[in-house]
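Here is a report on one protein chain. Keep the sequence and the structure in view as you read.

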Amino acid sequence: MSEHPFTIEPLGQHDRSGFSCGSAPLDHYFERQVSQDIRRRITACYVAVCNASNQVAGFYTLSAAQISVTQLPDRFKKNLPRYPSVPAVRIGRLAIDIKFQGQGLGSTLVINAIYRSIRADIAAYAVGVDAKDDAAIAFYRHHGFLDLNAQERTLFVPLAQFAKAFSLFDV
């Protein structure tokens, strides 16, 4: 059995100084801001560490969010409680170091984020994301994310769909 090339774990004392994904704002955030956001409990950050080199190959952040029920496509509204919004988890940032791009690590991180959201002790209806550009929109749509009504570049995926598909719990 082959060993997985990456370990995904919470951000700790990892060396972030050499991380470069090709986006200056994401690089700056990861190197200088994310620790402060973690301390202030604004976000949680998970890193993919290359097992061969111990380098941070990618990261994503998760935070609490909500989705207005009025923004959901009609087919998702009918079985929801009569609240103005539903709880959600937001993937705030996701980036892969240039040296590791093109290896499917972005997909692995999205699936890991969804899995963590499903397995969390606090319930959430969906995972949402604000895609930064058309390429990001295509990436998230490829992973089953859907457009929210009237929210340009905001996508979501109901967690029950993934939980059922992967038999993670009875839904």
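In what order do the elements of the protein chain run from the N terminus on? They run β-α-β-β-α-β-α-β-α-β-β-α. That order holds five helices and seven strands. Helices (H or I, at least four residues) and strands (E, at least two) are DSSP runs, numbered from the N terminus.

This is a predicted model, in which local features need pLDDT of at least 70 and side-chain atom pairs count only at pLDDT 80 or more, while totals for chains, interfaces and linings use all residues. Residues are numbered from 1 along each chain as its sequence is written, and side-chain values use heavy atoms, with hydrogens and water left out.

**Overall form**

Along the principal axes, the C-alpha atoms fill a box of roughly 50 × 40 × 30 Å.

Buried residues make up 43% of the 171 residues. Buried means under 20% relative accessible area, exposed means over 50%, and partly exposed is in between (1.4 Å probe, protein chains only). The accessible surface of the chain comes to about 10,100 Å². Carbon and sulfur atoms hold 51% of that surface. Areas come from the Shrake-Rupley method with a 1.4 Å probe; for residues, only the protein chains shown count as cover.

Contact means heavy atoms within 4.5 Å. Among contacts in the chain with a separation of 6 or more, 65% join residues 24 or more positions apart.

**Two pockets**

Rolling a probe the size of a water molecule over the atoms shows where empty space is left. The search uses a 1 Å grid over the protein atoms alone, and a pocket is an open set of points with protein on both sides within 12 Å along at least five of seven lines. Lining residues have an atom within 4 Å of a point. Grid points are joined across faces, edges and corners, and a volume is the space filled by probe spheres set on the points.

The largest pocket holds about 610 Å³ of space. Of its 28 lining residues, Leu 26, Leu 94, Ala 95, Lys 132 and Ala 136 are the closest to its centre. Two or more lining residues come from each of α1 (24-39), β4 (85-96), α3 (105-119), β5 (126-130) and α4 (134-142). β4 gives the most, with six residues. The lining divides into 16 nonpolar, eight polar and four charged residues. Here Ala, Val, Leu, Ile, Met, Phe, Trp, Tyr, Cys and Pro count as nonpolar, Asp, Glu, Lys and Arg as charged, and the others, Gly among them, as polar.

The second largest pocket holds about 480 Å³ of space. It is lined by 19 residues, and Ser 63, Ala 64, Val 89, Ala 120 and Ile 122 lie nearest its centre. β2 (44-50), β3 (56-68), β4 and α3 each supply at least two lining residues. β3 has the largest share, four residues. This lining divides into 13 nonpolar, three polar and three charged residues.

**Selected residues**

| Residue | Class | Relative accessible area |
|---|---|---|
| Asn 112 | buried | 16% |
| Asn 54 | exposed | 62% |
| Arg 153 | partly exposed | 29% |
| Pro 158 | buried | 4% |

Asn 112 sits in helix α3. Leaving aside neighbours within four places in sequence, Asn 112 is in contact with Ile 8 and Tyr 60.

Most residues other than glycine have a negative phi. Asn 54 has a positive phi of about 65°, and its place is in the loop between β2 and β3. Arg 153 has a positive phi of about 70°. Arg 153 lies in the loop between β6 (146-147) and β7 (154-158).

Which residues does Pro 158 contact, leaving aside its neighbours within four places in sequence? They are Phe 76, Tyr 125 and Ala 126. Pro 158 lies in strand β7. The C-alpha atoms of Pro 158 and Ala 88 are separated by 9.0 Å, with the two residues 70 apart along the chain.

Pro 10 is found in strand β1 (residues 6-10). Leaving aside neighbours within four places in sequence, Pro 10 is in contact with Cys 45, Tyr 46 and Val 47. The C-alpha atoms of Pro 10 and Val 47 are 6.1 Å apart.

Definitions and conventions
1 Å grid on protein atoms, 1.4 Å probe; cavity = no way out; pocket = protein on both sides within 12 Å on 5 of 7 lines; lining within 4 Å.
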